[in-house]
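Subject: Structure handover

Hello,

Here is the structure we discussed, with notes on what was found in it. Please look it over before you set anything up.

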Amino acid sequence: MENFERLLKESWTLVEEHRERLSEHFYARLFLLDPELRQLFPVQMRGQGDRLLEAVITAIHTIGDPESFDEFLRALGRDHRKYHVEAENYATMGVALMDALRSTAGDGWNLEYDQAWRDAYAAISEKMLAGAAADENPPFWHAEVLTHERYGTDTAVLTVRALQHPLAWKAGQYLSLEVPRYHPRVWRTYSVANAPNDENVLEFHVRSADAGWVSGALVRRVKPGELLRLAAPMGSMTLDRASERDILCVAGGVGLAPVKALVEELVTYNRTRWVHVFYGARRESDLYGLPGLRELVAAHPWLSVTPACSDDPDFDGELGDIADVLGRYGPWTTHDCYVSGSAPMVRSTLRVLAADDVPPPRIRYDTFGEI
């Protein structure tokens, strides 16, 4: 297994800096092999290759951890049901991927690398197919928008009700969402911002500063009464109910969504664990969720919230990036830690926690890089 992992990671270095060319070759080859597959993808393919490669990279980096490898790929297989991917399509995608890897890597590619990737893709497709076959849920849920509230120019909080079938999720998970009226076949992931409930109602926090298609529609165009589509929940940023450790949650911007869901779930049963929430944004006006958090603090003595602004000198609270603010408190060595926000924010927070000697298994995180 060690040599197998080495071959995969070693060969990936040959193509890592040429991701765009790799994805372009993959899709060109895929649609040449089976032109009918083109209709499963959005008209505009911008960003599609990035999501493919992120899935491949995640799978390769978890292959040495059988439990995580299996869990990730089974969930990915369930998620891909929303694209109407059939079992025979996996073989076609495998041929296209191998062709793209060989072409992009060039003369550095060898037979050992080729066999390692063949074996890896066989394992990946087998587990994805098993995950899809075991899922008794529909490929996606229709959901009606119930409420829509804007915060500033680029942020919205909306609630939706999943129709027809119950949708089971855990606090801290995310799912894919499609706005078929405006951008059919374009799916983007968002964390659910509330704990599970019997009403099948989910809350989402969406920011569209970078003109993302789906996020732009969710913030500026979607109205109550419209229908969306939701895919199966994914993610492992969930509570360990067996743990007795205190909890640290660090949220940046709309990364507040899964943290809010975790706190809501804790409200239903927690009596013994202190929960510390650090919530950061650039300006006070961007701390859209702060009033709701303060209401929870007033009702639950085990909860504390520390807000911070990185670019608002008039803010009557902590100043600086949320990771730097976090470093002024602590220590966090004995806590279960949850981190959610932009990729730079998560990276800087993980560095602070590492410097505080927090064991990696006690840290769970999600990143939000808007597309």
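Start with helix H2 (residues 19-33): at 1.5 Å a residue, its 15 residues should span 21 Å, and its end C-alpha atoms are 21 Å apart, which agrees. The expected span is 1.5 Å times one less than the number of residues. Helices (H or I, at least four residues) and strands (E, at least two) are DSSP runs, numbered from the N terminus.

Two remarks on provenance. This is a predicted model, in which local features need pLDDT of at least 70 and side-chain atom pairs count only at pLDDT 80 or more, whereas totals for chains, interfaces and linings use all residues. Residues are numbered from 1 along each chain as its sequence is written, and side-chain values use heavy atoms, with hydrogens and water left out.

Back to H2. Its buried residues include Leu 22, Ser 23, Phe 26, Tyr 27, Leu 30 and Phe 31. Buried means under 20% relative accessible area, exposed over 50%, and partly exposed in between (1.4 Å probe, protein chains only). Seen down the axis of H2, the buried residues fall within an arc of 150°, so they line one face of the helix; the arc is that of the directions from the helix axis to the C-beta atoms. Phe 26, Tyr 27 and Phe 31 also form one aromatic cluster.

Nonpolar cores

A nonpolar core is a set of buried Ala, Val, Leu, Ile, Met, Phe, Trp, Tyr and Cys residues joined through side-chain atoms within 4.5 Å. The largest has 39 residues, and Phe 26, Leu 30, Leu 101 and Trp 117 have the most contacts inside it. Two or more residues each come from helix H1 (2-12), H2, helix H3 (48-62), helix H4 (66-79), helix H5 (87-105) and helix H6 (111-134). H5 gives the most to this core, with 8 residues. Leaving aside neighbours within four places in sequence, Trp 117 is in contact (heavy atoms within 4.5 Å) with Leu 8, Ser 11, Trp 12, Val 56, Ile 60, Met 98, Leu 101 and Trp 109.

Aromatic pairs

Rings of Phe, Tyr and Trp (its six-membered ring) pair if their centres lie within 6.5 Å; planes under 30 degrees apart count as stacked, over 60 as edge-to-face and the rest as tilted. The count comes to 9 aromatic pairs. One of them is Phe 278 with Trp 332, edge-to-face at 5.6 Å centre to centre and 85° between the planes. This pair links distant parts of the chain, 54 residues apart: Phe 278 is in strand E8 (residues 275-281), and Trp 332 is in the loop between helix H10 (322-327) and strand E11 (336-341). Both Phe 278 and Trp 332 are buried.

Salt bridges

There are 20 salt bridges, each a side-chain nitrogen of Lys or Arg within 4 Å of a carboxyl oxygen of Asp or Glu. Asp 154 forms one with Arg 207, the closest N and O atoms being 3.7 Å apart. Asp 154 is buried at 16% relative accessibility, whereas Arg 207 is partly exposed at 40%. Arg 241 forms another with Glu 265, at 3.2 Å between the closest N and O atoms. Arg 241 is in the loop between strand E6 (227-230) and strand E7 (247-252), and Glu 265 is in helix H8 (residues 256-267), 24 residues apart. Salt bridges that share partners join Arg 29, Asp 99, Arg 102, Asp 114 and Arg 118 into one network.

Regards
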